[in-house]
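Good morning, colleagues. I would ask you to look at the sequence and the structure together, and I shall then comment on a few points of packing.

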Amino acid sequence: MSYIPSPTQAEELLKQYNREPFHIQHAETVSKVMGEFAKEYDPDRVDFWRTVGMLHDIDFEQWPEQHCAKADTLLHELAIDEDVIHAVVSHGYGICYDVEPTVYMEKVLFATDELTGLIGAVALMRPTGISDMEPKSVMKKFKDKKFAAGCSREVIRRGAEMLEMELPELIGKTIEAMRAE
Ligand SMILES: [Fe+2]
């Protein structure tokens, strides 16, 4: 029988396959952001969204060349629920895996994953961090291709399109979600 791990169980699973603090931190950030978006869009399933965020990069540290493909196999072996697996692997759509985000939750994951990296990098540049950050500071850095060059602007842009949201709005919501306690 497959099961949906709780966010705490998902974190334990993540730590079985990841040692790098950076990777664990990223998973926790994306999980938190997913939970905050869920409070607005899918309030009965906040834990489900958090679990997906926690697990989305579970394979990346050990199998970067097989990102998402390995997660597909691994999560099936671990008897994880199909909807969780579909969501996890769909964040590699058009990048490393051919499963398309279909439900809103999957589109939010796709759109916010890279964006949390960009916002985090902007926060590091500011004495006050994320506490009083405005979307326009992030927009400025979004346009500066040399800044945090590893965060794909193209992926963020496609994510915003999937959500039919303007970039500044998506950025604003993601800042707020990252700021939440
Ligand atoms: Fe990620």
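Beyond its neighbours within four places in sequence, Pro101 is in contact with Ser90, Tyr93, Glu106, Lys107, Phe110 and Met162. Please bear in mind that this is a predicted model. Pro101 is located in the loop that runs between helix H5, residues 82–90, and H6. Is Pro101 buried or exposed? With 24 other C-beta atoms within 10 Å, Pro101 is buried, because the cut-off for that term is 20 or more. Between the C-alpha atoms of Pro101 and Gly159 there are 9.8 Å, although the two residues are 58 apart along the chain.

Helix H6, residues 104–124, packs against helix H8, residues 153–162, at an angle of about 145 degrees, and their axes are 8 Å apart. On the H6 side, the contact is made by Lys107, Phe110, Ala111, Glu114, Leu115 and Leu118; H8 contributes Val155, Ile156, Gly159, Ala160 and Met162. Sorted by class, this contact of H6 with H8 comprises eight nonpolar, one polar and two charged residues. The crossing of H6 and H8 is left-handed.

Now the second pair. Helix H2, residues 21–41, and helix H9, residues 167–179, pack at about 110 degrees with their axes 8 Å apart; H2 and H9 are therefore roughly perpendicular to each other. Their crossing is right-handed. Here Thr29, Lys32, Val33, Glu36 and Phe37 of H2 meet Thr174, Ala177 and Met178 of H9. By class, the contact of H2 with H9 holds four nonpolar, two polar and two charged residues.

Technical notes
Residues are numbered from 1 along each chain as its sequence is written. This is a predicted model: local features need pLDDT of at least 70, side-chain atom pairs count only at pLDDT 80 or more; totals for chains, interfaces and linings use all residues. Axes are lines fitted to C-alpha atoms, for helices over the stretch in contact, and angles run from 0 to 180 degrees between N-to-C directions. Helices (H or I, at least four residues) and strands (E, at least two) are DSSP runs, numbered from the N terminus. A crossing is left-handed if the near helix is turned anticlockwise from the far one by less than a right angle, and right-handed if clockwise. Two residues are in contact if their C-beta atoms, placed from the backbone, lie within 7 Å. Ala, Val, Leu, Ile, Met, Phe, Trp, Tyr, Cys and Pro count as nonpolar, Asp, Glu, Lys and Arg as charged, and the others, Gly among them, as polar. Angles under 35 degrees count as roughly parallel, over 145 as roughly antiparallel, 65 to 115 as roughly perpendicular and the rest as oblique. A residue is buried if 20 or more other C-beta atoms lie within 10 Å of its own, exposed if 12 or fewer, and partly exposed in between; C-beta atoms are placed from the backbone.
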